[in-house]
Amino acid sequence: QVQLVESGGGLVQAGGSLRLSCAASVRTSSSYDLGWFRQAPGKEREFVAAIRWRNSNTYGADSVKGRFTISRDNAKNTVYLQMNSLKPEDTAVYYCVAGSPVGSTTSWSYWGQGTQVTVSS
């Protein structure tokens, strides 16, 4: 069982930055891909970014490329999401996720409780 605890959400003005953190109960260097999803009010949950355990490759949704960066600190068993140039449409609950690689994709099996990010215009 993997437990994930997010922190770092809050209220920020458009154009500002936030860094989300996710503390994992397992070693982030273990065989889990780590990532972030988000869900805005009235919308479906959507993928934001992920980092592969095997080679630390990262990838993200087109909507956040160039603005969001995912990284991990294996010494702290923590994964981060640095969010810059925030827009009102980034407002959502952000979830940290962990899962097992399945070929070129990931089976996201573990979810944190979520942290609210609100971007004001």
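**Note on the predicted model: core, sheet and aromatic cluster**

1. R67 is buried, with a relative accessible area of 10%. The model under discussion is a predicted one. R67 belongs to the loop that connects β6 and β7. Apart from neighbours within four places in sequence, R67 is in contact with Q82, M83, N84, S85, L86, K87 and D90.

2. With residues up to four places away in sequence not counted, M83 touches R67 and F68, together with G16, S17, L18, L20, Y94 and V117. The largest nonpolar core comprises 29 residues, and W36, L81, M83 and Y94 are those with the most contacts inside it. Two or more residues of this core come from each of β3 (18–24), β4 (33–39), β5 (46–51), β7 (68–73), β8 (78–83), β9 (92–102) and β11 (115–120).

3. An open sheet is built from four strands in the order β1-β3-β8-β7, with antiparallel pairing. Its edge strands are β1 (4–7) and β7, each of which pairs on one side only. From one strand to the next, the twist averages 20°. Within the sheet, β3 and β8 run antiparallel and are joined by six bridges. C22 stands opposite V79, a residue of β8.

4. S21 is located in strand β3. The relative accessible area of S21 is 16%, so this residue counts as buried, the cut-off being under 20%. Leaving aside neighbours within four places in sequence, the contacts of S21 are V5, E6 and S7, then W36, and finally T78, V79 and Y80.

5. Six aromatic pairs are found when the whole structure is searched. In the pair F47 and Y59, the ring centres are 5.4 Å apart and the planes lie at 25°, so the pair is stacked. This pair links distant parts of the chain, with F47 in strand β5 and Y59 in strand β6 (residues 58–60), 12 residues apart. F47 is partly exposed at a relative accessible area of 23%, and Y59 is also partly exposed, at 34% relative accessibility.

6. A further pair has another geometry: the rings of Y95 and W111 have centres 6.2 Å apart and planes at 70°, so they are edge-to-face. Y95 lies in strand β9 and W111 in strand β10 (residues 105–111), so the pair ties together parts that are 16 residues apart in sequence. Y95 is buried, with a relative accessible area of 14%, whereas W111 is partly exposed at 34% relative accessibility.

7. Which residues do the ring pairs link into a cluster? The members are F37, F47, Y59, Y95, W108 and W111. Both pairs described above therefore fall within this cluster, given the stacked F47 and Y59 and the edge-to-face Y95 and W111.

8. R45 lies over the face of Y95, at 4.2 Å from the ring centre. The charged end of R45 also sits over the ring of W111, 4.7 Å from its centre. The two rings approached by R45 are those of the edge-to-face pair, one buried at Y95 and one partly exposed at W111.

Conventions: Residues numbered from 1 in each chain as written. Predicted model: local features only at pLDDT ≥ 70, side-chain atom pairs only at ≥ 80, totals over all residues. Heavy atoms only, no water. Core = buried A, V, L, I, M, F, W, Y, C linked by side-chain atoms within 4.5 Å. Buried < 20%, exposed > 50% of the residue type's maximum accessible area, 1.4 Å probe, protein only. Contact = heavy atoms within 4.5 Å. Phe/Tyr/Trp six-rings, centres within 6.5 Å; stacked < 30°, edge-to-face > 60°. Lys NZ or Arg CZ within 6 Å of the ring centre and 35° of its normal. Pairing = 2+ DSSP bridges. Axes fitted to C-alpha atoms, helices over the stretch in contact; angles between N-to-C directions.
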